[in-house]
Amino acid sequence: MDAIVHFKPTDLDITVEAGLGWEALNDYLEDYRLMFPVDPGPGATVGGCVTNNSSGTNATRYGAAFANVVSLTVVLADGTVVRTKKRPRKTSAGYNLNGLFTGSEGTLGIITEVTVKLHVKPKVERVAVVPFKTIKDAANSVNEFLISGISLNAIELLDDKMMKCVNDSGETTRKWTQAPTLFLKIGGSNDEVVKSTINQTKEISAQHGSLDFQFASNEDETVELWSARKVALWSTINQGKLKNDDIQLWTTDTAVPISQLPRYLVEVKKTIDDAGLENTLVAHIGDGNAHSFILYHPEEHAKAERIVHNIVKKAIELEGTCTGEHGIGYGKIDLLEEELGLIPIDVMRKLKLALDPHRILNPDKVFRMDPNKKLE
Ligand SMILES: Cc1cc2nc3c(=O)[nH]c(=O)nc-3n(C[C@H](O)[C@H](O)[C@H](O)COP(=O)(O)OP(=O)(O)OC[C@H]3O[C@@H](n4cnc5c(N)ncnc54)[C@H](O)[C@@H]3O)c2cc1C
């Protein structure tokens with residue numbers, strides 16, 4: 001199920017079957033200079049993006065999947081086919097069924113068709129790479145970009161250890177400063193607009209102690225500068241495997257309010273370092289969403305689990321979440337309870353039972369159907 005069902009470029013939306021990959025969709029849209037901005041893991045489907053409320057590097061500017069859904073076709077547990085809306089870009093007609101199915105992780109219905117908003121690709125888009133002395137300086141700088149109202153298309157952070165892994169991987173054509181580094185995408189309608197935004201970000205970065213400020217002056221350099229961000233995850237995995245083939249990788253996925261980020265990121269790194277586990281960090285920092293990649297040997301599983309729990313607890317204490325974009329699945333059921341408390345989860349359970357009384361759609365995913373049952 002990966003067909004394009006309906007496409008009217010002038011409406012800036014497209015209807016596709018849910019099994020179409022987000023990358024294939026963007027390949028198709030390339031000729032129209034349009035894009036579907038949700039960019040999660042390779043191979044993910046548009047339906048998977050919606051049901052997980054996925055996002056990625058573009059969410060700072062364009063929002064997560066939820067912000068980009070116009071309408072869904074969903075098959076319910078009893079076979080009823082629901083179309084949630086027609087095709088307006090905005091509507092206040094009735095309950096927001098898009099919101100109900102988005103992020104439901106396949107527990108409420110099978111999404112078969114998705115109509116999503118499309119965005120016009122910026123005419124000019126450049127990348128800037130900005131290393132800082134400390135992660136706190138980098139996070140403070142991001143906070144100021146955001147509250148200054150500067151419009152950036154992506155704001156990503158790689159920590160010093162991640163920059164070292166990228167260098168060691170040899171996957172990029174240049175070597176990078178091994179310091180906490182921001183990767184910024186700056187777009188606009190022409191070179192002058194982009195240049196002006198670059199100057200503003202450069203000024204703010206300097207006020208927060210940036211060590212350097214490189215930006216791409218053409219398309220090729222833009223691709224080259226972004227390449228370090230692209231290879232980040234794989235370079236951590238490769239680094240671990242070089243040392244020991246048994247090594248495992250745990251990816252965390254917490255998010256906190258943006259003002260809490262400087263403090264939170266410092267505490268996260270200290271928690272993992274103090275436990276003696278190798279780690280790197282990538283953050284969709286413009287959304288307050290951080291992924292620590294923790295390397296551990298199989299016998300250290302319990303230790304890694306304890307640390308991840310502490311990292312999540314800290315995020316929740318700061319009014320954040322146990323998952324910014326990967327979802328709850330089976331693994332974060334207890335953490336969801338810690339985050340929201342039992343009452344909102346009971347509301348979810350009532351909705352689930354109303355739509356799926358025989359519990360046939362991903363039962364015991366997101367929350368336990370029986371609140372008293374402990375999962376294996
Ligand atoms: C290397 C890597 C990097 C990643 N980076 C990101 C990232 O930056 N941002 C991000 O948000 N995520 C990221 N992810 C996670 C993942 O890509 C997303 O969660 C993705 O949206 C999952 O889509 P999928 O099609 O693979 O769904 P699956 O993994 O196949 O399914 C996910 C859940 O959705 C349900 N489901 C799938 N399709 C449907 C449907 N049509 N109707 C109803 N339920 C359905 C499944 O039952 C399951 O519960 C990453 C993953 C990897 C491996």
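Visitor: How does R359 count by its relative accessibility?
Guide: You are looking at a predicted model, where local features need pLDDT of at least 70, side-chain atom pairs count only at pLDDT 80 or more, and totals for chains, interfaces and linings use all residues. Residues are numbered from 1 along each chain as its sequence is written, and side-chain values use heavy atoms, with hydrogens and water left out. Buried means under 20% relative accessible area, exposed over 50%, and partly exposed in between, using a 1.4 Å probe and protein chains only. Since R359 has 40% relative accessibility, it counts as partly exposed.

Visitor: How far apart are the C-alpha atoms of P357 and D78?
Guide: P357 is in the segment after α14, and at 49% relative accessibility it counts as partly exposed. Along the chain, P357 and D78 are 279 residues apart.

Visitor: Which residues are closest to the ligand?
Guide: Here a residue is near a molecule if one of its heavy atoms lies within 4 Å of it. The ligand is surrounded by 25 residues. The closest of them are T45, N52, S54, S55 and K365.

Visitor: What distance separates a polar side-chain atom of K365 from an oxygen atom of the ligand?
Guide: A polar contact is a pair of N or O atoms within 3.5 Å; within protein, one must be able to donate a hydrogen and the other to accept it, and residues adjacent in sequence count only if both atoms are side-chain atoms. S54 has a polar side-chain atom 2.6 Å from an oxygen atom of the ligand, while a polar backbone atom of I111 is 3.0 Å from a ligand nitrogen atom. For the side chain of K365 and a ligand oxygen atom, the distance is 2.7 Å.

Visitor: How much of the ligand's exposed area does the protein bury?
Guide: Accessible areas come from the Shrake-Rupley method with a 1.4 Å probe; for residues, only the protein chains shown count as cover. Taken alone, the ligand exposes 970 Å². Of that area, the protein buries 68%.

Visitor: Which element gives the most to the shell around the ligand?
Guide: The elements that give two or more residues to this shell are α2 (46-51), β6 (110-117) and α10 (232-243). With 3 residues, the one that gives the most is α2.

Visitor: How many residues of the shell around the ligand are charged?
Guide: Domain 1 (4-120) and domain 3 (234-334), with bounds from an automatic or database domain assignment, each give at least three residues to the shell. Ala, Val, Leu, Ile, Met, Phe, Trp, Tyr, Cys and Pro count as nonpolar, Asp, Glu, Lys and Arg as charged, and the others, Gly among them, as polar. The shell holds 9 nonpolar and 13 polar residues, and the number of charged ones is 3.

Visitor: How far apart in space are H309 and K365?
Guide: H309 sits in helix α12 (residues 301-317), and at 30% relative accessibility it counts as partly exposed. In sequence, H309 and K365 are 56 residues apart. From C-alpha to C-alpha, they are separated in space by 19 Å.

Visitor: Which residue has a backbone oxygen 2.6 Å from a polar side-chain atom of T181?
Guide: T181 is part of strand β10 (residues 181-188), and its 1% relative accessibility makes it buried. The backbone oxygen 2.6 Å from a polar atom of the T181 side chain belongs to A179.

Visitor: What share of the chain's residues count as buried?
Guide: The chain has 14 helices and 15 strands. Its C-alpha trace spans about 60 × 55 × 40 Å along its principal axes. Of the 376 residues, the share that count as buried is 49%.

Technical notes:
Helix = DSSP H or I, 4+ residues; strand = E, 2+ residues; numbered from the N terminus.
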